[in-house]
Each structure stands twice: as structure tokens, then as C-alpha cells.
Amino acid sequence: HIRDSIVTQIDAKTKLQELSLKKFKKLPIYKLISNTGPKHKPLFKIGVKLLDSKLFIAEGKSKKDAEQNAALLCLQSIK
């Protein structure tokens, strides 16, 4: 079904990984900056860095969301 789909959405983290591997032959580096808030409603702050870029920091309600948001910021700065 995926091949037949007209639109296949690739998430920001995957796009960033592909770009980094193609350009630098290395994966992006993700780092947990902070984890705040109560256990039932945490807020994660994650940074991502490519080989020759600055650290892009974003927040999210889960580590995955924060990583996606950081990857999106990084991709937007490249374009």
C-alpha cells in the first residue's frame, strides 16, 4: 500500500538523517538538554547538531516530539 500511496510523508528526523549521511557520512547528534515538569506532563528539551552546524534546540511533550521539532528547526535553517 505504501508504494501505491500518492503521498508518502517522511518525518523531519528521517530527512535530517538522510541529509547528514549523504553530506557528512555521519548521523546527526541528539542531546537531552532538560526534562522538566511533573511526571504526568513532562516537557523535554532536546538539541540536535550536524557535523558543522550549531546546536538546534526544541521542546516537546515527549523525547520523540522534541527530537522531531529540533530536526525540523535544523532542516529549516539549511534550506
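The legends below describe close-up views of a predicted model.

**View 1**
The chain has two helices and three strands. Of the 79 residues in the chain, 27% are buried. Among contacts with a separation of 6 or more, 28% join residues 24 or more positions apart.

**View 2. Helix α1, residues 12-24, from end to end.**
Helix α1 holds 13 residues. At 1.5 Å a residue it should span 18 Å. The C-alpha atoms at its ends are 17 Å apart, so the helix agrees with that expectation. Lys25 follows the helix. The phi of Lys25 is positive, near 60°.

**View 3. The buried residues of α1.**
Four residues of α1 are shown: Ala12, Leu16, Ser20 and Phe24 are buried. They cover an arc of only 65° around the axis, so they sit on the same side of α1. What do the buried residues of α1 pack against? Their partners are β1 (29-36), β2 (43-49) and α2 (63-78).

**View 4. The open sheet of three strands.**
The strand order is β1-β2-β3, and the pairing is antiparallel. Strands β1 and β3 (56-60) are the edges, each pairing on one side only. From one strand to the next, the twist averages 25°. Strands of a sheet pair through backbone hydrogen bonds, in either a parallel or an antiparallel sense.

**View 5. The pairing of β1 with β2 and its hairpin.**
Seven bridges join β1 and β2 in the antiparallel sense. Asn35 is placed opposite Phe44 of β2. The hairpin of β1 and β2 has six residues between the strands. In this hairpin, Gly37 takes a positive phi, near 90°.

**View 6. The pairing of β2 with β3 and its hairpin.**
How many bridges join β2 to β3? There are five, and the two strands run antiparallel. Val48 has Phe56 in β3 as its bridge partner. A hairpin of six residues links β2 to β3.

**View 7. Helix α2 across the sheet strands.**
Helix α2 lies across β1, β2 and β3. Relative to β3, α2 runs at about 145°. Helix α2 spans residues 63-78 and is also among the elements that the buried residues of α1 pack against.

**View 8. Glu67 and its contacts.**
Glu67 belongs to helix α2. Is Glu67 buried or exposed? Its relative accessibility is 16%, and the cut-off for buried is under 20%, so Glu67 counts as buried. Glu67 touches Lys13, Tyr30 and Ile46, leaving aside residues up to four places away in sequence.

Conventions:
Residues numbered from 1 in each chain as written. Predicted model: local features only at pLDDT ≥ 70, side-chain atom pairs only at ≥ 80, totals over all residues. Heavy atoms only, no water. Expected span 1.5 Å × (residues − 1). Buried < 20%, exposed > 50% of the residue type's maximum accessible area, 1.4 Å probe, protein only. Arc of directions from axis to C-beta. Contact = heavy atoms within 4.5 Å. Pairing = 2+ DSSP bridges. Axes fitted to C-alpha atoms, helices over the stretch in contact; angles between N-to-C directions.
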